[in-house]
Amino acid sequence: MTAPQTTRKQSPIAQAWLIMYNVAMTAGWLVIGLGIVNHFYKHRTHKGLYRQVEKQLLFFQTAAIFEIIHAATGIVRSNVMLTTMQVFSRVGIVWGVIQPVAQVHNTEGIPMLMVAWTITEIIRYLYYTFMLLGTTPYIVVWLRYSLFTVLYPLGVSGELLSIYNSLKPVRDSQMYSLFLPNQLNFSIDYHIVLIGTIPFYFIFFPQLYFHMFAQRKKALGLGPPPSPKKTN
C-alpha cells in the first residue's frame with residue numbers, strides 16, 4: 001500500500017490518531033508474529049496455526065479498513081481506489097475464503113500467507129510510524145523496500161493456494177450461492193466467483209510487484225547518478 005504522506009499540514013488530532021493507529025497495528029501484527037513463532041516452536045507443524053492466531057488475524061486485518069477512511073478523508077496521500085482494492089483483497093481472503101472454509105485452515109497456503117503478511121505488515125506499519133514521527137532509520141527503509149521481493153510472491157502464492165483449496169468445499173456445500181428459481185430471480189455461484197478472482201492475481205500482481213521495484217530505487221537511492229552538467 002502507498003505510504004501515508006500527507007496532502008496538507010495535519011492537525012494535531014489527525015497526527016496523534018495516525019501515530020496511535022500505526023503503533024497499534026504494529027503491535028497487533030507483532031502479537032500475531034509471536035503466535036506464529038510459538039506455534040511452530042511447540043508443534044513443529046503448520047496444522048493448527050490458523051486457530052492459534054485466528055482472533056488476532058481477523059481483528060487486525062479487518063482494522064486495515066481504516067486506511068480507506070484515511071485516504072478518503074485526505075489525512076493521508078493515498079489513492080482511494082487503489083487502497084480500497086488492496087485492503088479488500090486481503091479482507092476478502094480472510095472473511096471470504098479462510099474463515100468460512102474449515103478445510104483450508106490446515107493447508108500449506110496458510111503458513112505461506114501468514115508469514116508473508118505478518119512480516120510485511122510489521123515492517124510497513126513501523127515504517128509509517130517513523131515517517132509520522134519525522135525520522136525513519138535506514139534499516140527500516142531498507143527492510144520495507146527489500147523484503148517485498150520475497151514476501152510478495154510468497155503471500156500471493158499462499159493466497160492462490162488457499163483459494164484453490166477452498167474450491168471443492170465451496171462447490172460441494174454451495175456456500176454463499178443462490179440458484180434459480182428463487183423469489184429474487186437472481187443467481188450467483190460463489191464457486192465460480194472464486195475461480196473468477198484467480199486471473200486478477202496474474203493481471204495485477206506483476207504491476208504492483210514491479211512498481212515496488214521502481215519505488216525501491218527511489219527510496220534507496222539506487223537510480224543512475226545524474227549526468228554531469230556541460231560547461232561551455
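Modeller: Reading along the sequence, you get α-α-α-α-α-α-α-α. That's eight helices and zero strands, where helices are DSSP runs of H or I with at least four residues, strands are E runs of at least two, and numbering starts from the N terminus. Keep in mind that this is a predicted model: local features need pLDDT of at least 70, side-chain atom pairs count only at pLDDT 80 or more, and totals for chains, interfaces and linings use all residues. Residues are numbered from 1 along each chain as its sequence is written, and side-chain values use heavy atoms, with hydrogens and water left out.

Now for your patch. Met81, Met85, Phe200, Ile203 and Phe204 make it up, with about 520 Å² of accessible area together (Shrake-Rupley method, 1.4 Å probe, only the protein chains shown counting as cover for residues). To join such a patch, a residue needs over 30% relative accessible area and no salt bridge, and nonpolar side chains (Val, Leu, Ile, Met, Phe, Trp, Tyr) are linked within 5 Å. A salt bridge here is a side-chain nitrogen of Lys or Arg within 4 Å of a carboxyl oxygen of Asp or Glu. Two elements give two or more residues each: α4 (80-98) and α8 (190-220). The largest share, three residues, is from α8.

Look at Met81, in helix α4. Its relative accessibility is 57%, so Met81 counts as exposed; the cut-off for that is over 50%, while buried is under 20% and partly exposed is in between (1.4 Å probe, protein chains only). Across the chain, buried residues make up 42% of the 232 residues.

Terms used
Patch = residues over 30% accessible without salt bridge, like charges linked within 9 Å, V, L, I, M, F, W, Y side chains within 5 Å.
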